Amino acid sequence: MSYKVDSATRDEIIALTVEHAYRLDHGMADMLHELYTHDGELLGLPPKDLVGREAIQAWGAARVTLARTSRHVETNHRVVWNGGALTGTLLATVYRSDTDDVTNTKPFIIGDYEDIYEREEGQWKIRQRII
């Protein structure tokens, strides 16, 4: 495993993961699929794993219709080359409410996200995220 990731790549990956959280938290989950490769996977998300951009898009379209508020706090982002793959781990604390009241959220998930990133169409995207 090689730990060296240049700062420009690291900055791009952090921007990607911040955008992922922002879209989930601000009513833009219907555009989440744009951050994944065409064969991207979002695994461990209840009630089922999402495989492929189309599945992620369908889930996101349904998500924006819910009266649900979430706030993702993501820290300790570690980005490393693992063989030929760029991987990342981040600690996520997710606060959630089943209403649109952002002041009434409670801890929902505290745990690691394990990511694999790939360049597609000249941009870094998420190939796989395991919750």
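This is a predicted model: local features need pLDDT of at least 70, side-chain atom pairs count only at pLDDT 80 or more; totals for chains, interfaces and linings use all residues.
Arginine 53 belongs to helix α2, which spans residues 53-63. With a relative accessible area of 17%, arginine 53 counts as buried, because that value falls under the 20% limit. Its side chain is joined to that of glutamate 120 by a polar contact of 2.5 Å, and, once neighbours within four places in sequence are left aside, arginine 53 is in contact with His33, Tyr36, Thr37, His38, Glu120, Glu121 and Lys125.

Glycine 44, by contrast, sits in the loop between β1 (36-43) and β2 (50-51), and its relative accessibility of 40% makes it partly exposed. Leaving aside neighbours within four places in sequence, glycine 44 is in contact with Asp49 and Ile131, while its C-alpha lies 17 Å from that of threonine 17, a residue 27 places away in sequence.

Turning to the pockets, the largest holds about 330 Å³ of space and is lined by 20 residues, of which Leu45, Trp59, Arg63, Arg96 and Phe108 lie nearest its centre. At least two lining residues come from each of α1 (7-25), α2, β3 (69-82), β4 (85-97) and β5 (106-120), with β5 supplying the largest share, three residues. By type, this lining divides into twelve nonpolar, four polar and four charged residues.

The second largest pocket has a volume of about 160 Å³, and among its 13 lining residues Leu24, Asp25, Gly27, Arg68 and Thr69 lie nearest the centre. Here α1 and β3 each supply at least two residues, and β3 gives the most, with three; the lining as a whole comprises five nonpolar, three polar and five charged residues.

Conventions. Residues are numbered from 1 along each chain as its sequence is written. Side-chain values use heavy atoms; hydrogens and water are left out. Helices (H or I, at least four residues) and strands (E, at least two) are DSSP runs, numbered from the N terminus. Buried means under 20% relative accessible area, exposed over 50%, partly exposed in between (1.4 Å probe, protein chains only). A polar contact is a pair of N or O atoms within 3.5 Å; within protein, one must be able to donate a hydrogen and the other to accept it, and residues adjacent in sequence count only if both atoms are side-chain atoms. Contact means heavy atoms within 4.5 Å. On a 1 Å grid over the protein atoms alone, a cavity is a set of points where a 1.4 Å probe fits but cannot get out, and a pocket is an open set with protein on both sides within 12 Å along at least five of seven lines; lining residues have an atom within 4 Å of a point. Grid points are joined across faces, edges and corners, and a volume is the space filled by probe spheres set on the points. Ala, Val, Leu, Ile, Met, Phe, Trp, Tyr, Cys and Pro count as nonpolar, Asp, Glu, Lys and Arg as charged, and the others, Gly among them, as polar.
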